[in-house]
Amino acid sequence: MTGFASRADGFRPSPVRAVFEVARDPSVVSLAGGNPDLSVLPADAVGDIASLLLRGRAGEILQYGSGAGMDGLRELVVKLMARGGSTVTGADILPTTGSQAGLDLVTKLYCNPGDVILAEGPTYVGALGVFGAYEAEVQHVAMDEDGIVPDAVAEALDALAAQGRRVPFVYVIPSFQNPTGVTMPEERRRELVAVCAQRDVMIVEDDPYALLAFDRSEPVPSMHGMDPEHVIHLGSFSKIFAPGLRVGWMAAPPEVRGRLQIAGESVVIHPSNLAQSLVTSWVGSEHWEPALDSAVALYRERWEAMNEALTEYMPQTASWTTPSGGFFTWVTAEELRGRDILAEAVAHGVVLVPGSASYMDGRDSNAVRLAFSGVAPARIREGVRRFAEALRGD
């Protein structure tokens, strides 16, 4: 079929979704999907809240709503963002249909075809799909064990400015990054904010994992809290409650937030009132924090199981990141270069995300992303063993 718009060439299939049906096979171990474990949710308590909402407020929450989102949810987000040092009001917050929708809106608002977005190398595959759909180019910037390197960002911004290229924003995932699991320390975040503020370039801070630190006592301050005029913050309830509800949010300067709302209304009219109400009631209840603590303890246990399995089964040439929270680790081995490791892994009964998927140009990669959040320790061990077999070519 012909006649598609030129932007259609930028639509990228997700490597995780591409193997979704394979991953559903119970004989296959999936280390691909970054899924929260919902077994920690007290189903009766969640069900009671949902029932009360529908019995008492059905006429409101099943009706059309405001594109600005519901007041209760916005005020809840104000409290959550205060944990990361952001001082915002409800007027700064725009609820979205998942943070993925927020990323789409900010790209739609800021990017012209041919603009250059700076992003970590590697970065979140879903972001690459959004950027490509709006015909933006992506230039990946070097990372180290503390995340994206501010000096490298400054060098890239200056070089692009000298070429007359427009950079609408720098896209980063600062906490337990997807796909590497790396977290930017506070000083690195301040350096990046300074680099971008000096050049009047926005930062899009995609931070869905911020509340999933294995040690939840001292959260790293958000970049939004450091400079709310140069940082648009994306948050999500998918990792800290339930992804199926598709509720996220954006925090942006008021004039930007207003434009984002108009852009959102043209697509979804408004986020789901029912989903927003359930999130507000659950996350605002006495049950949420203990459930989140239980989930994070589970993720810590599963990371430890994965680390032990990698230590036992991976060749000596392999290395991997040591996340302090979140869902992922990034495994590097020279044996991965020049191979279709996903196909080889599937043949061995395990699914993972190849490193090449995390670069806009699909470059040959010596790495893979492994997710541990949604898999029991015994299955993690078996999955890593199968991956090691595929790596050896057994």
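This is a predicted model: local features need pLDDT of at least 70, side-chain atom pairs count only at pLDDT 80 or more; totals for chains, interfaces and linings use all residues.
I begin with helix α8, which comprises residues 186-198. How far apart are the end C-alpha atoms of α8? They lie 18 Å apart, and because 13 residues at 1.5 Å a residue should span 18 Å, the model agrees with expectation.

Just after α8, the backbone at aspartate 200 adopts a positive phi of about 55 degrees.

I turn now to the salt bridges. How many does a search of the whole structure find? The search finds 18, and I shall discuss some of them.

Consider arginine 57 and glutamate 60, whose side chains meet in a salt bridge with an N to O distance of 3.1 Å. Both residues belong to helix α3, residues 43-61, and their separation of three residues is about one turn of the helix. Is each partner buried or exposed? Arginine 57 has a relative accessible area of 30% and is therefore partly exposed. Glutamate 60, at 41% relative accessibility, is likewise classed as partly exposed.

The following case is aspartate 115, which forms a salt bridge with arginine 166; the closest N and O atoms are 2.4 Å apart. This pair links distant parts of the chain, the two residues being 51 residues apart. Aspartate 115 sits in the loop between α5 (99-110) and β3 (116-120), whereas arginine 166 sits in the loop between α7 (150-162) and β7 (169-172). Since buried means under 20% relative accessible area, aspartate 115, at 6%, is buried. Arginine 166, at 39% relative accessibility, is partly exposed.

A further salt bridge joins the side chains of glutamate 334 and arginine 337, at 3.1 Å from N to O. Here glutamate 334 has a relative accessibility of 48% and counts as partly exposed. Arginine 337 is also partly exposed, at 39%.

Finally, which residues are linked in a network of salt bridges? The network consists of Arg83, Arg216, Glu289 and Asp293.

Thank you for your attention.

Terms used. Residues are numbered from 1 along each chain as its sequence is written. Side-chain values use heavy atoms; hydrogens and water are left out. Helices (H or I, at least four residues) and strands (E, at least two) are DSSP runs, numbered from the N terminus. The expected span of a helix is 1.5 Å times one less than its number of residues. A salt bridge is a side-chain nitrogen of Lys or Arg within 4 Å of a carboxyl oxygen of Asp or Glu. Buried means under 20% relative accessible area, exposed over 50%, partly exposed in between (1.4 Å probe, protein chains only).
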